[in-house]
2 protein chains.
Amino acid sequence: MTQELGVTVDKHKDVHEWYSEVVRKAELADYSPVKGCMIIKPYGMRLWELIKEKLDGKFKATGAQNAYFPLFIPSDLLEKESEIVEGFDLEVAWLEEDGEKDQDQRLAIRPTSESIITDYMSDEIRSHRQLPMQLNQWANVVRWEVSDTRPFLRTREFLWQEGHTAHATDESAEKEVMMRLDQYREMIEEEFAIPSITGYKPEHDKFPGAKYTSTIETLMPDGRSIQSGTSHHLGQHFAEAFDVTFEDENGDTQTAHTTSWGFSTRVIGAIVLAHGDDDGLVMPPNIAPIQAVVVPIYQEDNQEEVEEYAEKVAEDLEEKGLRVEYDDREHRTPGYKFNEWELKGVPLRIEVGPNEMEDQAVTTVRRDSGDKQMGLDREQFIDEVEQRLDEIQKSMYSELEDYQQENIREATSKQEILGTIGKSRGYVKTKWCGKEGCETEIKDQVAAEIVVLPFEEDSEPEQIQGDEDHLEGECAVCGDSAKRWAYFAKNY
Amino acid sequence: MTQELGVTVDKHKDVHEWYSEVVRKAELADYSPVKGCMIIKPYGMRLWELIKEKLDGKFKATGAQNAYFPLFIPSDLLEKESEIVEGFDLEVAWLEEDGEKDQDQRLAIRPTSESIITDYMSDEIRSHRQLPMQLNQWANVVRWEVSDTRPFLRTREFLWQEGHTAHATDESAEKEVMMRLDQYREMIEEEFAIPSITGYKPEHDKFPGAKYTSTIETLMPDGRSIQSGTSHHLGQHFAEAFDVTFEDENGDTQTAHTTSWGFSTRVIGAIVLAHGDDDGLVMPPNIAPIQAVVVPIYQEDNQEEVEEYAEKVAEDLEEKGLRVEYDDREHRTPGYKFNEWELKGVPLRIEVGPNEMEDQAVTTVRRDSGDKQMGLDREQFIDEVEQRLDEIQKSMYSELEDYQQENIREATSKQEILGTIGKSRGYVKTKWCGKEGCETEIKDQVAAEIVVLPFEEDSEPEQIQGDEDHLEGECAVCGDSAKRWAYFAKNY
């Protein structure tokens, strides 16, 4: 493998170095001259476009409409909901104050848009007939992260969608929050082939001002968890601060219930980390920018025929609706091409040489398993190609599902939690009393925290806020009576 | 018509007031708490999404790939190409300088991305094999306009696409510039049903640093011209400043030739102005967010059957691939609905009552002409609906084409130019020597300027830069020998 294409770091030895190298060499993204901001290159952008297209389709099919709100948020709006400011203050970037800029007040670059959108809803909503109002925007946001930034995983500017909705009842808002979280789960599990754990964030770690925050967590190969999407029930807190009221069926004035939910380019980092190997990316077929690549292999005396045959194979695959690349570059050897498409994680490589041409066949190589099948009947292969991609998708999911299952370990005492986190990767499942102090005791010693309170089939969301115990037994840390299961993990 | 939906201003009496009212009442956009920035509402956003989808398809079919570059541009990059800074300085918004922000230099909010993208190309491009490199990004940009802002037409933040390409030869860059301008022309003429004039900007009005700027201009009903898209040949000016070089086929180092081209949410303003009337918007069918609306008209005793029949009509139209709205709101009268869909400019209204149901028919009303056809056979109507929409599209174009033709008037002296602009709307076509002073003499007196030097079939683009005369005759202003035809107009 040439130096240019070779991944020089073993994934299991130094996953961070490996990540940086793969993201750049596979041409997903690059560093930019602006500290903490990345350049999303065409291959990475195509991936984001495919994610966007699928997620946007789900949103539109379930009542959401896209809109666009200003990049700038006046300070009085941010300050109106004082908990937001407290929660975000350190990360907010501001526009230069300048006489010429003729604004009455400071302008923040949006770190998130609850304030300006709730303000809009207050102007817009009059009647219960307008509810639910389900808005979404695809936009860039800026959070001036001071800790280590890394392409996709943590950048000062990132791309995302932020949904903002208003409802007549708490139940309707609750339903929205869970529906969006479930759409994120569908994306992550079905499209990205990554298993996940859904649940709540602890009270002290919820979105500032929210009633509760639900999250979808995915386990990375280094044993850390990535928060891959969040969906917040904002209760009436924001609606009260911004005066979002409506006339109900009886002509009475009511206050709305609002939600917000977001999914960002960060998930691209999760796809890279979850599936990649020492040769580079491994893309799940459902979301791969290129699902199959056709590489012709010829000698000087049969170049023309082989190329003609190979191109026809590529065309047939394209007609089946696949995203196909036909690689006819003359200045690259087949070996170089193989390495390059492996680096870029294309799920299926199709090799076509004189033998294949003669037999009306193709040879295929799977990126995930390396399995090579020679001399497959061409017609039959093309008929069955979607099924093959589906097999790859499923097998990539299964592998990670096993990995996740193996890396959830129960612990019943503080020492056991610390010991398990210290020597194993993944989640430590434990009973928890709900007090922040018990989390802090762990966090201070091993830099792991409660990343999720997993949904239990028999408990209702609002129970997270309640005072009763919903669980038999005692908190593993303090011994007080337990409230919920909690998953401790190191996170991104 | 209810107060809520009624447009209270006559378009021909006060086009600016009319515009503001229609944009808000038709729910395309609204003012925001940030001075000079708008909120794009779902109906306006859907329109922009349709525009984006069609234009993006054209770009991708002709080699462009999407990417995403940072919102922030470090001052040293902006200053590297000193002509850009001069050209944009007043309009640039800067991030607050702050020790905590840990940047070495000031950061601008991108007013356009030539500098950061050319800098990237300099890192990226090594070989002639990578050329042409055709990048595009869909993004928000900020220009701190000091003059009157107006939704879509002039806002401090707007959405656009900006294409940036690098080429091995001047010819290749030239071809790119003209191809993109032609794609803009296709959008404007074929999708928006607005005739246009393409040509160059005068030398003193080109993009800072460009070899030349080409523009597409559209004539509005108040006689003003809107610059609806621009495509710039940047020559080697940017490539030299940022050191974009490549190794050619012979192993020699060459400097690249670059271009840039942009199309923004401003065009939505042109669609509103060009087609709207005293009842609100008139949307060209090809780009209309809703192409047809089905309104059921019933009494209490036949509501169920009529609704069932009407819904089936809507479903059939949807199956034909149309963007259809079925308006079954119970709390609105048919008359209210008619007004609302007229306000929103839906090209075709389909009325369905008990008579239509009995006859298996529909009644249609065209938004553009008001033509009503009663008792059309339902099956036949559905079969022919695309053709009907196409007729509307064509007829909307023809009407404006006549208007544009009638409003290009030739003038052969300064007095005649001033007189024609003073008493007529539209373009004044005149021979021009190429000197800025001759434009200034007109501009100072009537606030009209040279908006375009129209392409002539027999002249080559580079002739704009040349010293020779390409035209028989004399400059209408100074009497020196003329170089080109120029169109004077007031503009947006």
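This report describes helix geometry, helix packing and some backbone features in a predicted model.

In chain A, helix α12 runs over residues 378-406, and its 29 residues reach 40 Å from the first C-alpha to the last, a span close to the 42 Å expected at 1.5 Å a residue. At its N-terminal end α12(A) is capped by A:Asp377, a side-chain oxygen of which lies 3.4 Å from the backbone nitrogen of A:Glu379.

For chain B, helix α12 likewise covers residues 378-406 with 29 residues, and the distance from its first C-alpha to its last is 40 Å, close to the expected 42 Å. A bend of about 55 degrees is found in α12(B) at B:Glu384, and at the start of this helix a side-chain oxygen of B:Asp377 comes to within 3.4 Å of the backbone nitrogen of B:Glu379.

**Helix packing**

| Helix pair | Axis distance | Angle |
|---|---|---|
| α9(A) and α12(A) | within 10 Å | roughly 30 degrees |
| α2(A) and α8(A) | 11 Å | about 110 degrees |
| α1(B) and α8(B) | within 11 Å | roughly 115 degrees |

What partner does α12(A) meet, and through which residues? Helix α9 of chain A, residues 303-319, has an axis that comes within 10 Å of that of α12(A) and crosses it at roughly 30 degrees, which makes α9(A) roughly parallel to α12(A). The crossing in which α9(A) passes α12(A) is right-handed. On the α9(A) side the residues that meet the partner are A:Tyr309, A:Lys312, A:Val313, A:Asp316 and A:Leu317, and on the α12(A) side they are A:Arg378, A:Phe381, A:Ile382 and A:Val385.

The crossing of α1(B) past α8(B) is right-handed. Helix α1(B) contributes B:Val15, B:Trp18, B:Tyr19, B:Val22 and B:Val23 to the contact, while α8(B) contributes B:Gly269, B:Val272 and B:Leu273.

**Backbone features in loops**

Most residues other than glycine have a negative phi, and most peptide bonds are trans. In chain A, however, a cis peptide bond joins A:Leu131 and A:Pro132, with omega at about -5 degrees, and A:Pro132 is placed in the loop between α5 (114-124) and β6 (133-142). In chain B, B:Leu131 and B:Pro132 are joined by a cis peptide bond whose omega is about -5 degrees, and B:Pro132 lies in the loop between α5 and β6 of that chain.

A further backbone feature concerns A:Glu27, a residue other than glycine whose phi is positive, near 65 degrees. This residue, A:Glu27, is located in the loop between α1 (15-25) and β1 (29-31) of chain A.

How values were computed. Residues numbered from 1 in each chain as written. Chains lettered and ligands numbered in written order. Predicted model: local features only at pLDDT ≥ 70, side-chain atom pairs only at ≥ 80, totals over all residues. Heavy atoms only, no water. Helix = DSSP H or I, 4+ residues; strand = E, 2+ residues; numbered from the N terminus. Expected span 1.5 Å × (residues − 1). Polar contact = N/O pair within 3.5 Å; in protein donor to acceptor, adjacent residues only side chain to side chain. Axes fitted to C-alpha atoms, helices over the stretch in contact; angles between N-to-C directions. Left-handed = near helix turned anticlockwise from the far one by under 90°. Contact = heavy atoms within 4.5 Å. Parallel < 35°, antiparallel > 145°, perpendicular 65-115°, else oblique. Bend = angle between axes of the 7 residues up to and from the residue.
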